[in-house]
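Open the model in your viewer and keep the selection panel at hand. We will go from the whole chain down to single residues.

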Amino acid sequence: MKSISVLRLAAILLCCMYLLGFASLQAQVNKWVNYTPNLTTVLKNPAMGWMMYEEGWSFQGTRHNKSNIYTPEVFWEQMEECKAADYANILYIRMLWKDLEPEEGKYAWIYNEQYKWYIQKAKDKGLKLAFRVFFHGVDGVPSYVYEAGATESPIDDEGKTQPYYDNPVFLEKLDKFVEAFAKEYDNPDEVDYIDAYGLGRWGEGHGLALEKKENLETVIRQVTGSYARHFKKVLTVMNLSQSDYRFSKPLVYDKLGFLPRRDGIGSFWFSNEERAMVHDELFPKRALIGEGCWWFNAQNGDNSKYKHFQGDKRFAMNDFKEAFIVSVTDALDNHCNTLDLRVPLQCKFWIEELPDQVQRFITLGGYRLYPDYIKVEQNNRTLTLFHSWKNYGVGVLPNNHPNWNYKYQVSFVLMNERQEIVFLHTEPEAEPSEWLKGMSYNYLSQFDIPARLQGKYTLCVGLTDKTKNNEAAIDLAVSENLKIGKWISVVGLEL
């Protein structure tokens, strides 16, 4: 056997060490990726953002409109003129029960072609729906309910009536309606939330007509319980009112997990006591659905005589511009997920006269989630990820609502060169409903990549929906050129 010289052996060993080292380097990545938040884009995410409003005028005809000029066609024509759907995420539909069920079992979503056209227009524009069914108003309740034995209150100072909500016939018929309503609208792909109460003046929970005042707790329990039984997927909401909070807090917000909604943002009507309820007891566990107090409520378009905001006992406001700016500030100060562009003429006013305030709520209202940084360490087929998350918005993602049941999760995927997902890892410790403005949320994820995967891949991250095969479902606030759909690219890997 020929001997190998010491020098030659050393050269061979050095060459082997070099080749082994090169192979090792090829199987390792150590990269820190920083993300700058996108603060301007309208993020089309659930349960947040600006809302367009249907006040029910379109479907009330001559029974309620003296001029009878307001129709579904007029509504959409005016909304399209100001491009309101470009800024809004939600169409909030506030309608009387009778307009949704004029006769027993004759539901608008089945039998009213104009209503069905109206709803389809919202879907075509990428808007989610939200509903409040209420009962305060002339002919607010279907006549068949009274014919079956429900009773009605006297006319109030606005010329309106209410049913007596503790009447057992009313409660029985309402439960049947809610059951049918849920069969049509308990769909989170189309509906963001349901105002699951709607009693009292304007459906806001104030001034309920009761045959016996001591029945208030029972009525709250039965009505919200009816919605909770029938709506299992869509977020449920109850209007926040200090008049019933002693009951609604334990029965509804705590036990049923409903979100609070507060009408009257930007006014003294949102009282100190109710503000304390939000700040000290409800937020951040419960996201707040907000609605501004002052609005263009003249159906004929002439709001020049409306000056009620000048008498506000909390804020100084001289005109609608000042009132709307106050409402944005108050909404942000109280962590609102939503605010209202409202009816068509008001949408036009916001967009043309106050574009900076429209953008202000787009940037800060609701939740605006993004990865702050992701550090990727690859050791052969093991990935170790250090990732930090932030929320630029003042609100929260209501992932902890019982009907959502923590369905949104932080997930990492590998995509092949055809942008097909070939591997997914979900991080169980990361909970986006906990992410608040001004905080960083840091996690460590580690997993092994299956041996079957060979070649070049892109590591991506997203907030996925476990009820929809873990598809990326939340639009994250990063630059559009980093997105693959709703996935965010992190780094390229070679296996």
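How far apart are the mean positions of the positive and negative charges of the protein? Select both sets of charged residues. There are 56 positive and 65 negative charges, and their mean positions lie 5 Å apart. Keep in mind that this is a predicted model.

**The whole protein**

Show the C-alpha trace. Along its principal axes it spans about 115 × 45 × 45 Å. Switch to cartoon. You will find 14 helices and 18 strands.

Of the 495 residues, 55% are buried. Look at the contacts too, counting those between residues at least 6 apart in sequence. Among these, 77% join residues at least 24 apart.

**Strand β12**

Select residues 408-415. This is strand β12, and 8 of its 8 residues are buried. Show the side chains. Which ones point one way, and which the other? Tyr408, Val410, Phe412 and Leu414 point one way from β12. Gln409, Ser411, Val413 and Met415 point the other way. Side chains in a regular strand alternate between the two faces of the sheet. In β12, the residues of both sets are buried.

**Its partners**

β12 and β15 run antiparallel, joined by 8 bridges. Pick methionine 415 in the viewer.

Click serine 411. Its bridge partner in β13 is threonine 426.

Follow the chain from β12 into β13. The two strands form a hairpin, with 5 residues between them. Stop at glutamine 419 in the turn. Glutamine 419 has a positive phi of about 60°.

**The cysteines**

Last, select the cysteines. How many disulfides does the structure hold? It holds 0. Zoom in on cysteine 82, which is in no disulfide. The nearest cysteine sulfur belongs to cysteine 347, 5.3 Å away. A disulfide needs the two sulfur atoms within 2.5 Å. Is cysteine 82 buried or exposed? Cysteine 82 counts as buried because its relative accessibility is 8%.

Move to cysteine 293. Cysteine 293 is in no disulfide either, and the nearest cysteine sulfur, that of cysteine 336, is 13 Å away. With 16% relative accessibility, cysteine 293 counts as buried; the cut-off is under 20%.

Key:
Residues numbered from 1 in each chain as written. Predicted model: local features only at pLDDT ≥ 70, side-chain atom pairs only at ≥ 80, totals over all residues. Heavy atoms only, no water. Buried < 20%, exposed > 50% of the residue type's maximum accessible area, 1.4 Å probe, protein only. Helix = DSSP H or I, 4+ residues; strand = E, 2+ residues; numbered from the N terminus. Contact = heavy atoms within 4.5 Å. Lys, Arg positive; Asp, Glu negative; His and termini not counted. Charge placed at Lys NZ, Arg CZ, Asp CG, Glu CD. Pairing = 2+ DSSP bridges.
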